[in-house]
Amino acid sequence: MVAAGAALADEVGLAHLTMGLLAGRLGVRTPSLYKHVAGQDDLNRRIAALALSEAADAVGSAVQGRAGRDALAAAARAFRAFVLAHPGRYAATIGVEPTGPDDPVAAASRRLLDAFMAVLRGYRIGEADVDHALRMLRSLFHGFATLQAADGFQWSADIDESFAWLIDFADRGLRAG
């Protein structure tokens, strides 16, 4: 049911996902869904955990065996591709807070963070700057991908060229740091 909810969120947008809409997609009555989830908030949290896990798989696989700019570019492309393919489920991850260390959101978030930490190991980032570097990468890649997913680039420059420029820019910054 969570996978169906995630797919529906990708189709209609997370803001438009409702229990009633999901029930209709699954061919069941809405009250039947409450045997599986506590409500809309619970469904959204489960979609967020799924999305974080899927993003962690994509980015983690992409960076495996790579270092430096090669790992950075692979992570960036994998993250962007995930957001573009799954905008609704990715939206569920924004602002979701783990409820504790055993929360599936926490475990999936750690895995995604570990994948980006692997990228940073290819650079000489001091311990005190790791959080800043991670936030910079998240801001760059999240910002670009969500703007692209929302059709936010309306001018004539090639989007892929702009993304390559962004990766080069991040690489230069990380090398200088």
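**Helix packing and the nonpolar core**

The buried residues of helix H1 are Val2, Gly5, Ala6, Leu8, Ala9 and Asp10. In this predicted model, the cover over these residues includes H2, H4, H5 and helix H6, which runs over 87–91. After H1 comes Gly13, a residue with a positive phi, near 95 degrees.

The packing of H1 against H4 was examined next. The two helices meet at an angle of about 85 degrees, and their axes lie 9 Å apart. H1 and H4 are therefore roughly perpendicular to each other, as angles from 65 to 115 degrees are counted in this way. On the H1 side the contact is made by Val2, Ala3, Gly5 and Ala6, and on the H4 side by Leu43, Arg46, Ile47 and Leu50. Sorted by class, this contact of H1 with H4 holds six nonpolar residues, one polar and one charged.

The chain as a whole is helical in its secondary structure, with nine helices and zero strands. Its pattern along the sequence reads α-α-α-α-α-α-α-α-α. The C-alpha trace spans about 55 × 45 × 25 Å along its principal axes. The chain has 177 residues, of which 41% count as buried. Among contacts with a separation of 6 or more, 66% are between residues 24 or more positions apart.

The largest nonpolar core contains 57 residues, and those with the most contacts inside it are Val59, Leu72, Phe116, Leu120, Leu137, Phe141 and Leu174. Two or more residues of this core come from each of the helices H1 (2–12), H2 (19–26), H4 (40–63), H5 (68–85), H7 (104–120), H8 (130–149) and H9 (159–176). H4 gives the most, with 11 residues.

H4 also packs against H7. The axes of these two helices come within 8 Å and cross at roughly 25 degrees. H4 and H7 are therefore roughly parallel to each other, since the angle falls under the limit of 35 degrees. The crossing in which H4 passes H7 is left-handed. From H4, the contact draws on Arg45, Ala49, Leu52, Ser53, Ala55, Ala56, Asp57, Val59, Gly60 and Val63. From H7, the residues involved are Pro104, Val105, Ala108, Ser109, Arg111, Leu112, Ala115, Phe116, Ala118 and Val119. By class, there are 14 nonpolar, three polar and three charged residues in the contact of H4 with H7.

Ala56 is placed in helix H4. Its relative accessibility is 5%, so Ala56 counts as buried, the limit being under 20%. With neighbours within four places in sequence left aside, Ala56 is in contact with Ser61, Ala108, Arg111 and Leu112. Ala56 and Arg110 are 54 residues apart along the chain, and their C-alpha atoms are separated by 8.6 Å.

A further helix pair is formed by H5 and H9, which pack at an angle of about 135 degrees with their axes 10 Å apart. This angle makes H5 oblique to H9. H5 passes H9 in a right-handed crossing. The H5 residues that take part are Arg69, Leu72, Ala73, Ala76, Arg77 and Arg80. They meet Ile159, Asp160, Phe163, Ala164, Ile167, Asp168, Ala170, Asp171, Leu174 and Arg175 in H9. By class, the contact of H5 with H9 comprises nine nonpolar residues, no polar residues and seven charged residues.

Leu72 belongs to the H5 side of this contact and is also one of the residues with the most contacts inside the largest nonpolar core. Apart from neighbours within four places in sequence, Leu72 is in contact with Val119, Tyr123, Leu137, Phe141, Ile167, Ala170, Asp171 and Leu174.

The loop between H8 and H9 contains Asp151. Most residues other than glycine have a negative phi. Asp151 is not a glycine, yet its phi is positive, at about 60 degrees. With a relative accessible area of 54%, Asp151 is exposed, because the limit for that class is over 50%.

Notes
Residues are numbered from 1 along each chain as its sequence is written. This is a predicted model: local features need pLDDT of at least 70, side-chain atom pairs count only at pLDDT 80 or more; totals for chains, interfaces and linings use all residues. Side-chain values use heavy atoms; hydrogens and water are left out. A nonpolar core is a set of buried Ala, Val, Leu, Ile, Met, Phe, Trp, Tyr and Cys residues joined through side-chain atoms within 4.5 Å. Buried means under 20% relative accessible area, exposed over 50%, partly exposed in between (1.4 Å probe, protein chains only). Helices (H or I, at least four residues) and strands (E, at least two) are DSSP runs, numbered from the N terminus. Contact means heavy atoms within 4.5 Å. Axes are lines fitted to C-alpha atoms, for helices over the stretch in contact, and angles run from 0 to 180 degrees between N-to-C directions. Angles under 35 degrees count as roughly parallel, over 145 as roughly antiparallel, 65 to 115 as roughly perpendicular and the rest as oblique. A crossing is left-handed if the near helix is turned anticlockwise from the far one by less than a right angle, and right-handed if clockwise. Ala, Val, Leu, Ile, Met, Phe, Trp, Tyr, Cys and Pro count as nonpolar, Asp, Glu, Lys and Arg as charged, and the others, Gly among them, as polar.
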